[in-house]
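Open the model in your viewer and keep the selection panel at hand. We will go from stop to stop.

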Amino acid sequence: MRVELRSGNDGWPAVEPLNALVYPPEVLASIVWREVEWSHADKRVLVYLGERLIAAVGLYLRDGTHDGAGVRIGGIGGVMTHPEHRGRGFASAGMRRAEDFFAERGDVDFGLLVCEPKNIGFYARLGWRVFPGELVVEQHGRRGAFTVTTPMVRAVRRPAPSGGTIDLCGLPW
Ligand SMILES: CC(C)(COP(=O)(O)OP(=O)(O)OC[C@H]1O[C@@H](n2cnc3c(N)ncnc32)[C@H](O)[C@@H]1OP(=O)(O)O)[C@@H](O)C(=O)NCCC(=O)NCCS
């Protein structure tokens, strides 16, 4: 297994075929977040087996607010593993590299991701906790509560917020 960190744009050509495999049209048609307007990843973690891309994790850096105070948020999104290679630790390895990246920067306050309820267990094993407060995002130019999937948070240089309102001051990821 080889874990690489790339810029978001450089990594996309590698991730695109994997994304198409994980989300074919028939799967995408029934996904609750298919209409959401997402932001583009700033960085990508790519996990290879030999020359083959097996898993990917998108990383986002965002200046948002928590209860009105400025915070720098380390975002995770677009986590995916090739369907034939699941349950072997590839996504977990990618997540650990992403968490290390946020910790090494020194300016990230906490991590945030949103996921479908079926994936909460996967992230909980990695130390993420459901955020019970409100998440505010922009969608199609308007601010509002994000209720499509479940926000989860993780401590980085500060403890993860345990309530209140997190405003991403932009699109979600
Ligand atoms: C979710 C996903 C990324 C996990 O990838 P993966 O490479 O199989 O994950 P790992 O092998 O690192 O999983 C580590 C552990 O978590 C477990 N796990 C995986 N999904 C889980 C879930 N939904 N709930 C609880 N545990 C889960 C695995 O069984 C494994 O346990 P083990 O170490 O005891 O064997 C993968 O199933 C996937 O690509 N799903 C489709 C896309 C998707 O839903 N992405 C998440 C978007 S939020």
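Select α3 and pick out Phe90, Ala91, Gly94, Met95, Ala98, Glu99 and Phe102: these are its buried residues. Buried here requires 20 or more other C-beta atoms within 10 Å of the residue's own, exposed means 12 or fewer, partly exposed is in between, and C-beta atoms are placed from the backbone. Helices (H or I, at least four residues) and strands (E, at least two) are DSSP runs, numbered from the N terminus. This is a predicted model: local features need pLDDT of at least 70, side-chain atom pairs count only at pLDDT 80 or more, and totals for chains, interfaces and linings use all residues. Residues are numbered from 1 along each chain as its sequence is written.

Contact means C-beta atoms, placed from the backbone, within 7 Å. Now check the helix length. The end C-alpha atoms of α3 are 23 Å apart, which agrees with the 22 Å that its 16 residues should span at 1.5 Å a residue. The expected span is 1.5 Å times one less than the number of residues. Step past the end of α3 to Gly106, where phi is positive, near 85°.

Next, show the largest nonpolar core. It has 38 residues, and Ala56, Val57 and Leu113 have the most contacts inside it. Such a core is a set of buried Ala, Val, Leu, Ile, Met, Phe, Trp, Tyr and Cys residues joined through C-beta atoms within 7 Å. Two or more residues each come from α1 (8-22), β2, β3, β4, α3, β5, β7 (134-139) and β9 (150-155). β3 gives the most, with six residues. Click on Val57. Beyond its neighbours within four places in sequence, Val57 touches Arg44, Val45, Ile76, Gly78, Val79, Gly94, Met95 and Ala98.

Now the ligand. Which of the 18 residues around the ligand come nearest? They are Thr81, Arg86, Ala91, Ser92 and Gly121. A residue is near if its C-beta atom, placed from the backbone, lies within 6 Å of the molecule. β4 (69-81), α3 (90-105) and α4 (120-125) each give two or more residues to this shell. By class, the shell has eight nonpolar, six polar and four charged residues.

Move to Gly133, in the loop between β6 (129-130) and β7. Gly133 counts as partly exposed, with 15 C-beta neighbours inside 10 Å. Outside four places in sequence, Gly133 is in contact with Pro161, Gly163, Gly164, Thr165 and Ile166.

Two backbone angles deserve a look. Most residues other than glycine have a negative phi. His140, not a glycine, has a positive phi of about 50°. Find His140 in the loop between β7 and β8 (142-145); with 9 C-beta neighbours inside 10 Å, His140 counts as exposed. Cys169 also has a positive phi, about 50°. Look for Cys169 in the segment after β10 (165-167). Cys169 is partly exposed, with 16 other C-beta atoms within 10 Å.

Finally, zoom out. The protein has four helices and 10 strands. Its C-alpha atoms fill a box of roughly 45 × 35 × 30 Å, taken along the principal axes. Buried residues make up 32% of the 173 residues.

Conventions:
Ala, Val, Leu, Ile, Met, Phe, Trp, Tyr, Cys and Pro count as nonpolar, Asp, Glu, Lys and Arg as charged, and the others, Gly among them, as polar. Two residues are in contact if their C-beta atoms, placed from the backbone, lie within 7 Å.
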